[in-house]
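The values come from the model shown next.

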Amino acid sequence: MLTLASKLKRDDAVKSGHSNSAVTDSVRRVSIRDRLLVKEVAELEANLPNEGYYQSGKFQFEVDVPEAYNMVPPKVKCLTRIWHPNITETGEICLSLLREHSIDGTGWAPTRTLKDVVWGLNSLFTDLLNFDDPLNIEAAEHHLRDKDDFRCKVQDFIKQYAR
């Protein structure tokens, strides 16, 4: 993950002439990455749907954008504890567009943006909620056994962790 301190250190090395080509290439790559991120973050919208099992919760995600972005996907983790078939209780997320290599062609591509990631995460709470290919098998089986009890457990998690 890029930190401001390391970027400033590289910038200082380039300005003072104590740089090698690797440092210069790194700063140039970081500059392109930074410009992409500034543009993409400015385009993000925070309109989450008000429907489904998770409608009353507020969920936080950590997005780690690597220096090689947008050639590789960001790493995303759910920081809010959640009862969800596609998100583990430890925050791992099953979302095809976050995969660097995908058999079905829906994985990461350099044409994807952070907006796509936000929309994908948003969809995990509505239309992409997938009980047939779960990461959290226990949550998916719970839904198949008893949908009402599943809804109650989701609401309990929201009351405890997602307010």
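Q: How many aromatic pairs does the structure hold?
A: This predicted model holds 10 aromatic pairs.

Q: Why is the pair of Tyr69 and Trp108 called tilted?
A: The ring centres of Tyr69 and Trp108 are 6.0 Å apart, with 45 degrees between the planes.

Q: What makes the pair of Tyr69 and Trp108 a tie between parts apart in sequence?
A: Tyr69 belongs to the loop between strand E1 (61-64) and E2, while Trp108 belongs to the loop between E2 and H3, so the parts tied together are 39 residues apart in sequence.

Q: How do you know whether Tyr69 and Trp108 are buried or exposed?
A: Tyr69 has a relative accessible area of 5%, and Trp108 has 8% relative accessibility. Buried means under 20%, so Tyr69 counts as buried, and so does Trp108.

Q: Why is the pair of Trp83 and Phe157 called tilted?
A: For Trp83 and Phe157 the values are 5.9 Å centre to centre and 40 degrees between the planes. The distance is within 6.5 Å and the angle lies between 30 and 60 degrees, so the pair is tilted. Trp83 lies in the loop between E2 and H3 and Phe157 in helix H5, so this pair ties together parts 74 residues apart in sequence. Both residues are buried.

Q: What sits over the ring of Trp83?
A: The charged end of Lys153 does, 3.8 Å from the ring centre. The distance cut-off is 6 Å.

Q: Why is the contact of Arg81 and Glu89 called a salt bridge?
A: Their side chains meet at 2.5 Å, N to O. The cut-off is 4 Å, so the pair qualifies. The structure holds 1 salt bridge.

Q: How do you know how exposed Arg81 and Glu89 are?
A: Arg81 has a relative accessible area of 34%, and Glu89 is at 32%.

Q: Which residues touch the most other members of the largest nonpolar core?
A: Tyr54, Ile93 and Phe150 do, in a core of 29 residues. Elements giving two or more residues to this core include helix H4 (137-145) and helix H5 (147-161). Leaving out residues up to four places away in sequence, Phe150 touches several residues, among them Tyr53, Trp83 and His142.

Terms used
Residues are numbered from 1 along each chain as its sequence is written. This is a predicted model: local features need pLDDT of at least 70, side-chain atom pairs count only at pLDDT 80 or more; totals for chains, interfaces and linings use all residues. Side-chain values use heavy atoms; hydrogens and water are left out. A nonpolar core is a set of buried Ala, Val, Leu, Ile, Met, Phe, Trp, Tyr and Cys residues joined through side-chain atoms within 4.5 Å. Buried means under 20% relative accessible area, exposed over 50%, partly exposed in between (1.4 Å probe, protein chains only). Helices (H or I, at least four residues) and strands (E, at least two) are DSSP runs, numbered from the N terminus. Contact means heavy atoms within 4.5 Å. A charge sits over a ring if NZ of Lys or CZ of Arg is within 6 Å of the ring centre and within 35 degrees of the ring normal.
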